[in-house]
Amino acid sequence: MTDLSLADHAIAGKTAPPSEARAFRLPTQWLGVAPFFIFAIMFLVLPTLYLVLGAFQNDAGAFTFDNIVGIFDPPNLSNYMQCQYSSWTSWVDGNCKLPSILAAYWISIKISLASSLIGAFAGLAIAIAIVRGGLPNWIRSATLTFSGVASNFAGVPLAFAFLATLGRLGLATVILNTVFGFNIYAHGFNILSFWGLTLTYVYFQIPLMVVIITPAIDGLKKEWGEAAATLGATTAQYWRMVVIPVIWPSFLGTVILLFANAFGAIATAYALTGSSLNIIPIVLYAQIRGDVLHNPHLGYAIAFGMIVITGLANVFYIWFRTRSERWLK
Amino acid sequence: MKSGRFWAWVVFALGAAYFFIPLIATVEFSMRMRRGVYSFDAYEVVLGDPRFQATFGYSVLAAVFTIILGVLIVVPTAYWIRLRLPQLRPVVEFITLLPLVIPAIVIVFGYIRMYGSNSPLPFLASDTGTNALLVIGYATLALPYMYRAVDTGLRTIDVRTLTEAAQILGAGWGTIITRVILPNVLIAVLSGAFLTFAIVLGEFTMASLLNRPAFGPYLQNIGANRAYEPAALAIIAFAITWACMSLIQILSRFAPRSANRPN
């Protein structure tokens, strides 16, 4: 209590007599965080709000649901005409068969889901191996260091690395073809496809999972295993009834974080596939650059839809997170 | 337990293969420029390219300004929240997490529409304004990492006692923050700064949509037009990321472990 009044005098004493200090108390308190809130409102909240409001307005500024409905619209004739001029509309199969915006959302969701699930399970396996597997200590620290680097190695350079590996002239492609006589491209694989992009995203998803989940696995107390063994549990029972229930919330929460991480990413996909794979951030990118949808408000609606999806994912993440923290001390 | 160790090795080996094969392949590919022999030609071409030097320099400068802006916003706020307004902590934490919820492309889309040349705040009307907007955008991207790093740093020092001691000695708020608090959380601030650097350096979306001559759009341009240079650039980018992360790890060894008095 003493320190509080002391600090108050220091601020108020210089500018106002003690009797007025009380009136100025609230403003001076808030002045300290004002720059942060002004920054956040101007450059984070208002621009987002602007798009969200724009998603519910038509050109005249009147309230409408048309833009939101427009997301669910099947491709119409005017869209089809325009697909001859803009490259993002050419679909994976090369025909100019215009996918609806919905299809772009759907393929984005599929890629994000696949890469987050694969990344999560592989990352969990690696984390368990380095914490519980009885491997030498240096492997644990080396893995964690590398994970820190690889989880931040995303964007354009990552796309280059995978083109050099699994592109048509990539090392892995060439070796598989010349040494094992297996031409992956002849067997339907393409780096510029759903699985190609998923495999690339996994490169930053796995390390992110390792970085986040390792502390959770460290948090499994040794006593629990001993207690379970004392009570006569088999290893399988210990895993099923102790480990999995404790790990589950933070695992699921991290899956959701990985999902949002992949969903908003654009640089890797854009550098890898150009505009041939129609994920939603690339559609939005094309829309911002050149209004390819011929309707600015539809662009706002796409942005709004992206916020809704990542927002929902993060609400679940926070919910699971608070549940899991109850267990890990 | 023996079979457990066997499986642990299998998992580790598979993981190592997945992570090292692309790196090896990229190194190999980057050295294939001269026909028949391995050479560092691609690296020479890339490093000698004036556009590489210009865009790289631009992005380094943008990163430095981003770090300065981030520190200016985050350090006083995190300090003030700890000292005087702990009830605001959940609100501030929520705001710092927003950039993870709102994709970068959406944030920059909002900027383009809100701060265009005929808006009340025409950032995009001039080059300087657009550069400033890019740095501001980068600062929002770095906000979650910067805030977390600084807040962790503040947890390890006794903010209240340090502040009182400084006040007794007659220090004002500016002096307290710059000469008492900042030096004490310098290591935390620096690790946030290096992470920011790694994120900002190759950033593509914001720089490209704001039409800035930054490193990210340059990388993308090279990728679309050249064969071997992209691989060399990928290795250079990986090395820079690695360097940033190593610096963070080295710095964390010097960080104090806990406060002398729980806060």
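The contact between the two chains takes 63 residues from chain A and 67 residues from chain B, where two residues are in contact if their C-beta atoms, placed from the backbone, lie within 7 Å. On the side of chain B that touches chain A, the largest share, 15 residues, comes from helix α1 (residues 2-30) of chain B. By class, this side of chain B has 47 nonpolar, 14 polar and six charged residues; Ala, Val, Leu, Ile, Met, Phe, Trp, Tyr, Cys and Pro count as nonpolar, Asp, Glu, Lys and Arg as charged, and the others, Gly among them, as polar.

This is a predicted model, in which local features need pLDDT of at least 70, side-chain atom pairs count only at pLDDT 80 or more, and totals for chains, interfaces and linings use all residues. Residues are numbered from 1 along each chain as its sequence is written, and chains are lettered from A and ligands numbered from 1 in the order in which they are written.

Chain B contains twelve helices and zero strands; helices (H or I, at least four residues) and strands (E, at least two) are DSSP runs, numbered from the N terminus. The C-alpha atoms of chain B fill a box of roughly 75 × 70 × 30 Å, taken along the principal axes. Of the 263 residues in chain B, 46% are buried, a residue being buried if 20 or more other C-beta atoms lie within 10 Å of its own, with C-beta atoms placed from the backbone. Among contacts in chain B between residues at least 6 apart in sequence, 76% join residues at least 24 apart.

Conventions:
A residue is buried if 20 or more other C-beta atoms lie within 10 Å of its own, exposed if 12 or fewer, and partly exposed in between; C-beta atoms are placed from the backbone.
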